[in-house]
Amino acid sequence: MLIPARMSEAEEQRWVNVMLDKLAAQESRRTLGDTELAERARRLSDQYFDGRARPASVRWVTNQNTRWGSCTPSEGSIRLSHRLQGMPEYVVDYVLCHELAHLLVPGHGPRFWRLLEAYPRTERARGYLEGVVAAERLPHVPGTRDV
Ligand SMILES: [Zn+2]
């Protein structure tokens, strides 16, 4: 760490604390890389689908603004919207499980949702995402954005 000269010891300590807080904040906001995302998908598949869903690739995409995730079963590829980054882990896991389930069952019929019942936080995660969408539709109220 580079510390500007001519700082008193107290100033210096305060400055170090500020920098450490900033680093900690960055760390907690850090999102999974594509490799970690693929690893996460593998673990979720093992845990909830007996390892039957085996995606060939799992990655973040930034060109997906109307859907949280998508998959191409013929290629075994899963894509997650970057808009999920920074959301709670259980929400990201839900979207991963959802796309993993599509590798086994296309469409959103009863068989699909029965499969997804294995993931215990499906309802909660869907509620969270519905809330995000609803909040985006709210008119902007001046002065409340940053609170
Ligand atoms: Zn779906």
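Contacts between residues 24 or more positions apart make up 45% of the contacts in the protein chain that have a separation of 6 or more. The model is predicted. The protein chain has five helices and three strands, and their order along the sequence is α-α-β-β-β-α-α-α. Of the 147 residues in the protein chain, 33% are buried.

**Zinc site**

The zinc ion has three histidines as its protein donors: His98, His102 and His108, each through NE2 and lying 2.0 Å from the ion. Their spacing in sequence is H-x3-H-x5-H. Within this set, His98 belongs to helix 3 while His108 sits in the loop between helix 3 and helix 4 (110-116), and the two are 10 residues apart. His102 is also placed in helix 3.

His98 has a relative accessibility of 11%, so His98 counts as buried. The value for His102 is 11%, and His102 therefore counts as buried.

What does His102 touch, leaving aside residues up to four places away in sequence? The list consists of Cys71, Pro73, Gly107, His108 and Phe112. One of these, His108, is itself a donor of the zinc ion. Thr72 is 30 residues from His102 along the chain, and the C-alpha atoms of His102 and Thr72 are separated by 8.6 Å.

**Helix 3 and its partners**

Helix 3 (residues 89-104) packs with helix 2 (residues 34-49) and with helix 5 (residues 122-137). The geometry of the two pairs is given below.

| Helix pair | Crossing angle | Axis distance |
|---|---|---|
| Helix 2 and helix 3 | roughly 70° | within 10 Å |
| Helix 3 and helix 5 | about 105° | 9 Å |

The axes of helix 2 and helix 3 cross at roughly 70°. Angles from 65 to 115 degrees count as roughly perpendicular, and helix 2 and helix 3 are therefore roughly perpendicular to each other. The crossing of helix 2 past helix 3 is right-handed. On the helix 2 side, the contact is formed by Leu37, Arg40, Ala41, Leu44, Ser45, Tyr48 and Phe49; helix 3 contributes Glu89, Asp93, Leu96, Cys97, Leu100, Ala101 and Leu104. Sorted by class, this contact contains 10 nonpolar, one polar and three charged residues.

Helix 3 and helix 5 pack at an angle of about 105°, and these two helices are therefore also roughly perpendicular to each other.

**Strand 3 and Ser77**

Ser77 lies in strand 3 (residues 77-81). Is Ser77 buried or exposed? The relative accessible area of Ser77 is 6%, so Ser77 is buried. Apart from residues up to four places away in sequence, Ser77 touches Ser57, Ser70, Cys71 and Thr72. Cys71 is also among the residues touched by His102. Ala56 is 21 residues from Ser77 in sequence, and the C-alpha to C-alpha distance between Ser77 and Ala56 is 5.6 Å.

**Asp50**

Where is Asp50 found? Asp50 is in the loop between helix 2 and strand 1 (57-61). Its phi angle is near 50°, a positive value in a residue other than glycine. Asp50 has a relative accessible area of 67% and is therefore exposed.

Definitions and conventions. Residues are numbered from 1 along each chain as its sequence is written. This is a predicted model: local features need pLDDT of at least 70, side-chain atom pairs count only at pLDDT 80 or more; totals for chains, interfaces and linings use all residues. Side-chain values use heavy atoms; hydrogens and water are left out. Axes are lines fitted to C-alpha atoms, for helices over the stretch in contact, and angles run from 0 to 180 degrees between N-to-C directions. Helices (H or I, at least four residues) and strands (E, at least two) are DSSP runs, numbered from the N terminus. Angles under 35 degrees count as roughly parallel, over 145 as roughly antiparallel, 65 to 115 as roughly perpendicular and the rest as oblique. A crossing is left-handed if the near helix is turned anticlockwise from the far one by less than a right angle, and right-handed if clockwise. Contact means heavy atoms within 4.5 Å. Ala, Val, Leu, Ile, Met, Phe, Trp, Tyr, Cys and Pro count as nonpolar, Asp, Glu, Lys and Arg as charged, and the others, Gly among them, as polar. Donors are N, O and S atoms within 2.8 Å of the metal (3.2 Å for Na, K and Ca); water is not among the atoms, so sites may look incomplete. Buried means under 20% relative accessible area, exposed over 50%, partly exposed in between (1.4 Å probe, protein chains only).
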